[in-house]
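Welcome! Take a moment to turn the structure around on your screen, and then let us walk through it together.

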Amino acid sequence: MLSLNLPSYEAKIVQRNGKNVIFDTLRKRYVALTPEEWVRQHFVHFLTDYKGYPKGLLANEIQLNLNGTKKRCDTVLYDKNLSAKLIVEYKAPHVEITQAVFDQITRYNMVLKVKYLIVSNGLSHYCCQIDYNTQSYVFLPEIPSYSQLYPGEDRYIKYGLHKTLPPHQ
């Protein structure tokens, strides 16, 4: 598969019924290996192993009801009270991140009302923080770590598993 602008990891890929599938560590099952799924699995690995996001508070393919239509958020981060706090929307690497992609994640947020939105195609990543009081948002310079989102809640991170990113070349 395509090289991404994310740390590599040992993905578990096997063939089933003549098609490649990849193990999803959050759903704990094999899923079809599509370009978008390749991005999702790498990004989840990045969030958990490099940014300290607890696997137990992340979920993939979360169904929600938007104006009577069933939609699915790619990945959602919950807080310790199981309230959604962050949505991630993935696209395949060949899909450009456009206003339409942000419109899609914003529609999902009409239901979940999270504080952070992330969009990634595996090559480019964007994160914005929403301020509901001023009805504005700001793009962050990088994807925040879990401890930046929730200062003082480091007890959810398994110490020793949090990795440091290699120098950017």
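In this predicted model, strand 6 (residues 84-90) pairs with strand 7 (residues 116-120) in the parallel sense, over 5 bridges. To find one point of the pairing, look for Leu-86: its bridge partner in strand 7 is Tyr-116.

On another side of the story, strand 5 and strand 6 are paired in the antiparallel sense over 4 bridges. Here Tyr-78 has Ala-84 of strand 6 as its bridge partner. Strands 5 and 6 form a hairpin with 5 residues between them, and Leu-82 in the turn has a positive phi of about 65°. From strand 6 the chain crosses through helix 2 to strand 7, a β-α-β crossover that is right-handed.

Is strand 6 enclosed or open to the outside? Of its 7 residues, 6 are buried, so strand 6 is largely enclosed by the rest of the structure.

**The sheet and its helices**

Most residues other than glycine have a negative phi. Glu-61 and Asn-67 are worth a visit with that in mind. Glu-61 has a positive phi although it is not a glycine, and Asn-67 likewise has a positive phi without being a glycine. Where does Asn-67 lie? It is found in the loop between strand 4 and strand 5, while Glu-61 lies in strand 4 itself. The table sets out their values.

| Residue | Phi | Relative accessibility |
|---|---|---|
| Glu-61 | about 55° | 23% |
| Asn-67 | about 55° | 73% |

Buried means under 20% relative accessible area and exposed means over 50%, with partly exposed in between. Glu-61, at 23%, therefore counts as partly exposed, and Asn-67, at 73%, counts as exposed.

**The whole protein**

How many helices and strands does the protein have? There are 3 helices and 9 strands, and from the N terminus on they run β-β-β-α-β-β-β-α-β-β-β-α. The protein has 169 residues, and 45% of them count as buried. Among contacts with a separation of 6 or more, 49% are between residues 24 or more positions apart. The protein exposes about 9800 Å², with carbon and sulfur atoms supplying 50% of that area.

Terms used: Residues numbered from 1 in each chain as written. Predicted model: local features only at pLDDT ≥ 70, side-chain atom pairs only at ≥ 80, totals over all residues. Heavy atoms only, no water. Helix = DSSP H or I, 4+ residues; strand = E, 2+ residues; numbered from the N terminus. Buried < 20%, exposed > 50% of the residue type's maximum accessible area, 1.4 Å probe, protein only. Contact = heavy atoms within 4.5 Å. Areas by Shrake-Rupley, 256 points an atom, 1.4 Å probe, with all protein chains shown as cover. Pairing = 2+ DSSP bridges. Right-handed = clockwise from strand over helix to strand, strands pointing away.
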